[in-house]
Amino acid sequence: MAKDCVGESDGLTFWLARSEDYDDVMAISEDIYWGNDYLPHRYHAWLTEPQRVVMLAKREGKLVALESGLVVDDGRTVVVEGLRVCPSERGKGVAGTVQRFTDQYIQRLYPSIQVKRLTRGDNSGPQKLAKFTLLDRRAVLSLRGESVTFDAFLSELKTKLSVKEGPAPELVVLDEGEQLRGVLLDPEITSRLQLPGGAVIQDWQPLRPIESNLEVLRRRGLTWLADRAASPTFLSFHTPPYPIPYNGGSLRLNIDLFGTGLAPARRALLSHLERVRGGLVGMVLVHVYMHRSLWEGLRDFCEVSTGVCRCRDYWEQLFLEREL
């Protein structure tokens, strides 16, 4: 076994990812997530993130797969992300081998891990889902438009909001210090906001609202909004827009909503879009994640006459878990 190889299984050798592997990783990632792939933007940051492992699998020296795991929840949980297999190796059991090896490797590094969690954007059917417990589902509203159309889009949303609600209280911007800490560590937050599976899901990454996860959230550069500073009944944030391969190069904006009130959901969506408007260029894809009861209302809210339109029908984010 080569010096830097960390293991072998079923004809594959396993290696910890390095900065110089970037081009090879991108080569096996073509068309991942319909061009919405986050990894080109996050790969190098992943390599230095605390308590994260990025594992590569090779066959005869050629890179064929990647998976990453982030240890969270006081070391109790590993959140797995980024799984991909090169096209020529798909359907051969490679993904299963990579998942098993990566699980075992991370457990050796972090023996306190008891649970594996992940989110998926497709319904994989009963056979695959039988391996996991389905903790919850969230609805996703996906929009697309050229950045030059967003001013008109936001103007129409403001008009619709004024007609529907009239004067409404401004949402509160939460600082990421004691204010956010007080909100997230409130023992009633899960029931009050109906947190999916009892977790705050940030851009597909589920985190329990506990002290040790606050630093993970702070690293993400989020903008938090709430209907009130203390004991909010609606909470939201957006992840800073980042580049994706879609259509030869686009921006992706993810907005996560927590709570079931349609009125604050509309205000939050508009406010988040206004806050990022100055940084939008080119084609922009916006994905809004929410309680399923909100999807129809937000869909109707976003149906306007400008160039921003839905790019997918109703779809869901699945939150899965299994014991290790």
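## Exercises on helices, rings and a loop

**Exercise 1.** Start with helix H5 (residues 150-165) and helix H9 (residues 262-276), which pack at an angle of about 155 degrees with their axes 11 Å apart. Which way do H5 and H9 run, roughly parallel or roughly antiparallel to each other?

*Solution.* A quick note before the steps: this is a predicted model, where local features need pLDDT of at least 70, side-chain atom pairs count only at pLDDT 80 or more, and totals for chains, interfaces and linings use all residues. Residues are numbered from 1 along each chain as its sequence is written, and side-chain values use heavy atoms, with hydrogens and water left out.

Step 1: helices are DSSP runs of H or I with at least four residues, strands are runs of E with at least two, and both are numbered from the N terminus. Axes are lines fitted to C-alpha atoms, for helices over the stretch in contact, and angles run from 0 to 180 degrees between N-to-C directions.

Step 2: angles under 35 degrees count as roughly parallel, over 145 as roughly antiparallel, 65 to 115 as roughly perpendicular and the rest as oblique. So H5 and H9 are roughly antiparallel.

**Exercise 2.** Which residues of H5 and H9 meet?

*Solution.* Contact means heavy atoms within 4.5 Å. On the H5 side you'll find Phe150, Phe153, Leu154, Leu157, Lys158, Leu161, Lys164 and Glu165. Their partners in H9 are Ala263, Arg266, Arg267, Leu270, Leu273 and Glu274.

**Exercise 3.** Where do Phe101 and Tyr105 lie, and are they buried or exposed?

*Solution.* Step 1: both sit in helix H3 (residues 94-109), four residues apart, or about one turn of the helix.

Step 1: buried means under 20% relative accessible area, exposed over 50%, and partly exposed in between (1.4 Å probe, protein chains only). Phe101 has 8%, so Phe101 is buried. Tyr105 has 13%, so Tyr105 is buried.

Step 2: Phe101 and Tyr105 form one aromatic cluster with Phe14.

**Exercise 4.** Where is Thr306, and with which residues is Thr306 in contact, leaving aside its neighbours within four places in sequence?

*Solution.* Step 1: find the loop between helix H10 (295-302) and strand E15 (309-310); Thr306 is in there.

Step 1: check burial. Thr306 has a relative accessible area of 17%, so Thr306 is buried.

Step 2: with those neighbours left aside, Thr306 is in contact with Thr149, Ala152, Phe153 and Glu156. Phe153 also turned up in Exercise 2, on the H5 side.

Conventions:
Phe/Tyr/Trp six-rings, centres within 6.5 Å; stacked < 30°, edge-to-face > 60°.
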